[in-house]
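Hello,

Here is the structure we talked about passing on. Please open it first, then read the notes below.

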Amino acid sequence: MSDLEDTVNADEEEEETGEDDEEELGVAAADTPSAREPSAAPPGAEDIAGNTIPAEDDDFKEEDDQEEEAEKEEREEEEKSFGKCLNQEMVGDSLSLLCKVGNGLAHAYVRIDVHDMELTDISILSAFVHLRYIDISSNLLKDVSALNHLTHMLTLKTDRNLLTTTSLMQLPYLQTANFSRNKIVSVEGVSHPLLESLYASYNKIKDLGGLNECRLSRLTTLELRSNQLKTTRGIAIPTLKNLYLAQNVIKHLEDLDKLESLELLHLRDNHVETLDGFSPNMRCLQYLNLRSNHIASRREIHKLTVLPMLRALIMSECPISDEDDYRVEILITLRRIERLDKDEFTEEERSEAEEINDQRRMEEAGGEVDPLLLDGLDDDNRDQQIHDDDFDYDD
């Protein structure tokens with residue numbers, strides 16, 4: 001459990017203003033005849049009638065300064081909204097990690113980091129075919145099709161942009177891709193044969209129909225937090241080990257029986273009421289987070305007995321967690337579980353659960369079994385003497 005808990009507990013980012021150009025333009029405009037105003041007499045001078053002209057009002061000066069500052073800020077915001085086109089100079093300043101390429105006789109830079117540069121166009125990258133590690137996050141990009149030419153790419157960070165799709169041509173060596181915090185509505189088109197980790201949280205994805213297990217035969221980690229998923233239908237990827245679906249609107253658990261390698265399932269903050277989707281095929285699942293769902297009945301917990309490796313269960317902030325003896329009742333049903341919510345089960349809790357369980361077995365058997373004999377029987381022998389059709393605690 002320690003490696004898995006480390007994975008679970010290890011959860012979550014220059015601007016050119018052109019002011020000099022604006023000032024030069026301002027001076028030039030002021031020198032034109034149309035922009036000239038009659039020259040004002042200096043403060044303290046006399047007019048034709050011999051009256052002294054008063055100094056300019058400081059209040060008016062301050063208002064003019066505020067207006068100029070507001071106009072300047074508005075111009076800067078407009079420039080920011082237009083963004084920038086990635087150019088040769090920017091690329092040169094952002095390249096790193098010199099490596100051998102081709103037959104090993106040539107060298108090229110294989111990493112580029114141009115994050116947070118207000119970029120709207122990265123077309124120039126299509127010429128840098130040797131790039132392997134690419135960070136274009138936190139920009140204003142709506143199109144990353146230039147990346148289709150970078151067939152040696154291993155990792156891609158394109159989170160915090162304005163993308164509406166994850167679709168790229170098949171990149172044969174891509175292993176990690178981050179599309180989080182965009183405006184993506186579908187995961188269709190992700191077809192990279194060596195992809196191991198896909199992150200697309202904080203988007204607008206409504207279904208998982210675009211995932212193809214044949215084209216994602218190496219995918220082990222999928223993060224789709226804070227989207228608009230209502231069901232897990234379409235998640236049939238047998239290689240998945242870590243699946244994060246928190247903060248969606250999921251009500252129905254479907255296609256989970258295909259997740260034969262899944263070890264961690266994170267479903268916090270959804271609308272799950274029943275646990276019908278779990279299957280004995282999920283024989284590797286160890287950690288299940290159902291916090292802040294709508295599970296209210298103890299009967300639903302019994303549906304988790306099909307998970308032979310389940311060791312950690314999170315159900316805090318579910319209606320069922322408000323019941324008396326919540327922890328003991330969970331332990332009676334799930335005998336192999338080690339941790340509920342944040343706390344591991346104590347020996348006292350295990351002893352109490354064992355006693356209550358024995359008492360219920362006796363009552364179900366009509367008192368035919370001597371309670372003094374129960375202490376000397378292991379679980380298998382107890383099952384031979386007491387047939388409980390409603391609960392098979394050892395499954």
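One cut-off first: a residue is buried under 20% relative accessible area, exposed over 50%, and partly exposed in between. Arg298, at 40% relative accessibility, is therefore partly exposed. Please keep in mind that this is a predicted model.

Overall picture

The protein has 395 residues, and 38% of them are buried. Its secondary structure comes to nine helices and 15 strands. The accessible surface is about 22500 Å². Carbon and sulfur atoms hold 45% of that surface.

Salt bridges

There are 14 salt bridges in the structure. Three of them are described here, one by one.

Arg291 and Glu317

These two side chains form a salt bridge at 2.4 Å, N to O. The pair links distant parts of the chain, 26 residues apart. Arg291 sits in the loop between strand S12 (287-289) and helix H5 (298-302). Glu317 sits in the loop between strand S13 (312-314) and helix H6 (326-333). The relative accessibility of Glu317 is 48%, so Glu317 counts as partly exposed.

Glu323 and Arg298

Here the N to O distance is 2.8 Å, again between side chains in a salt bridge. Why does this pair tie together parts that are 25 residues apart in sequence? Because Glu323 lies in the loop between S13 and H6, while Arg298 lies in helix H5. Glu323 is partly exposed, with 30% relative accessible area. Arg298 is partly exposed too, at 40%.

Glu338 and Arg311

The side chains of Glu338 and Arg311 also meet in a salt bridge, at 3.8 Å, N to O. Arg311 is buried, because its relative accessible area of 16% is under the 20% cut-off.

Which residues do salt bridges with shared partners join into one network? They are Arg298, Glu323, Glu329 and Arg360.

Best regards

Methods: Residues numbered from 1 in each chain as written. Predicted model: local features only at pLDDT ≥ 70, side-chain atom pairs only at ≥ 80, totals over all residues. Heavy atoms only, no water. Helix = DSSP H or I, 4+ residues; strand = E, 2+ residues; numbered from the N terminus. Buried < 20%, exposed > 50% of the residue type's maximum accessible area, 1.4 Å probe, protein only. Areas by Shrake-Rupley, 256 points an atom, 1.4 Å probe, with all protein chains shown as cover. Salt bridge = Lys/Arg side-chain N within 4 Å of Asp/Glu carboxyl O.
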